[in-house]
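Here's a quick walk through one protein model, with the cut-offs spelled out as they come up. Have the viewer open while you read.

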Amino acid sequence: MTTLIDGTAIAATIRDEIKDDVARLKAQHGITPGLATVLVGDDPASATYVRSKRKACAEVGIESFGYELPATTTQDELLRLVAELGQRADVHGILVQVPLPDQIDEKTALDAVPIQKDVDGFNPANLGVLGVKGQRPVFAPCTPQGCIELLDRTGVKIAGKRAVVLGRSTIVGLPVALMLLSRDATVTLCHSKTVNLPSVTREADILVAAIGKAHFVTADMVKPGAVVIDVGTNRIADPTRKSGSRLVGDVDFEAVKEIAAAITPVPGGVGPMTIAMLLKNTLLAARRRAEK
Ligand code: NAP
């Protein structure tokens, strides 16, 4: 029988654990973890993401400091704010919401977040050590870390398995592949130039899809008994919905669930884990400060 990997339930458990740990940190050290969120411009999707991150913080007792800057903000103005937040003792994590307006270079802005406060884990120095055995990043990036937690909390053994990751972006595919490698999986990382992709994906005991193409992974691309983690979030037209659309993953869920040993749904799989990992990283940042 196929296991449905319920990211919503697993994330709720993790948030409860974080809530207890936050309370303990306050009681023992008098420190409340603090996350600064920086939103530039008025992109509605970004505003929604930031709102849900701040709400999740409040629910576990993490303080959040919201900064909303106009779309006309210059790169220098943003960098000045990030530098100020970098100095503040009550801010343990800084999150600069992307995408940023055109006049701001995203890489420059993200690289400006001090690595000790980079709770998104986007700093390139973090990426460098992810695949190195015996080394740990300052912070593991949230979505990839969420994928690994889903496997761990579902009891999926990673060591020795054949893992195939679809997509090599620096925020999802590449770090997931490196994290699986550091956990002793034998990893193949695929991308748009991979030749005969189905023959590669069919070898996977663990298949992670992160390409951003609705229903791309079909049942004939999956080995029976594989564990399938679907990171993709794609909006497709659905006239039966009031909104006229719905979210689907990169995997043809209905067909693949018939042959997979375990699979994440979209929505309700990897998505809720990303915010849970952001809370976890913010708590970790505050704990490190307390132990200094
Ligand atoms: P991205 O930066 O656009 O990267 C897509 C990757 O997929 C690239 O490496 C690309 O290859 C590869 N690709 C594209 N078409 C392909 C094909 N036909 N065959 C094989 N590989 C192909 O995307 P991303 O930022 O990593 O995001 C991927 C998906 O995850 C999106 O749907 C995004 O919305 C979702 N996501 C979800 C969460 C969450 O919390 N659930 C978080 C982040 C992202 P090349 O490198 O060769 O171009």
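## Ground rules

A residue counts as buried under 20% relative accessible area, exposed over 50%, and partly exposed in between, using a 1.4 Å probe and protein chains only. With that scale, His215 is partly exposed, at a relative accessible area of 32%.

The model is predicted, so local features need pLDDT of at least 70 and side-chain atom pairs count only at pLDDT 80 or more, while totals for chains, interfaces and linings use all residues. Numbering runs from 1 along each chain as its sequence is written, and side-chain values use heavy atoms, with hydrogens and water left out.

## Domains and core

The protein chain splits into domain 1 (30–114) and domain 2 (140–271), with bounds from an automatic or database domain assignment. Their C-alpha centres are 29 Å apart.

Val231 is in contact (heavy atoms within 4.5 Å) with Thr143, Cys147, Val172, Val208, Ala209, Ala210 and Val270, leaving aside neighbours within four places in sequence.

## The second largest pocket

A pocket is an open set of points on a 1 Å grid over the protein atoms alone, where a 1.4 Å probe fits, with protein on both sides within 12 Å along at least five of seven lines; lining residues have an atom within 4 Å of a point. Of its 28 lining residues, Arg136, Ala140, Gln145, Met179 and Lys280 are the closest to the centre. α10 gives the largest share of this lining, six residues.

Two cis peptide bonds to look up: Val98 to Pro99, with omega near 5°, and Val266 to Pro267, with omega about 0°. Pro99 is in the loop between β4 (93–96) and α4 (106–111), and Pro267 is in the loop between β11 (262–263) and α10.

Asp184 has a positive phi, near 75°, and is in the loop between α7 and β6 (186–190). For His215, phi is near 55°.

Notes. Helix = DSSP H or I, 4+ residues; strand = E, 2+ residues; numbered from the N terminus.
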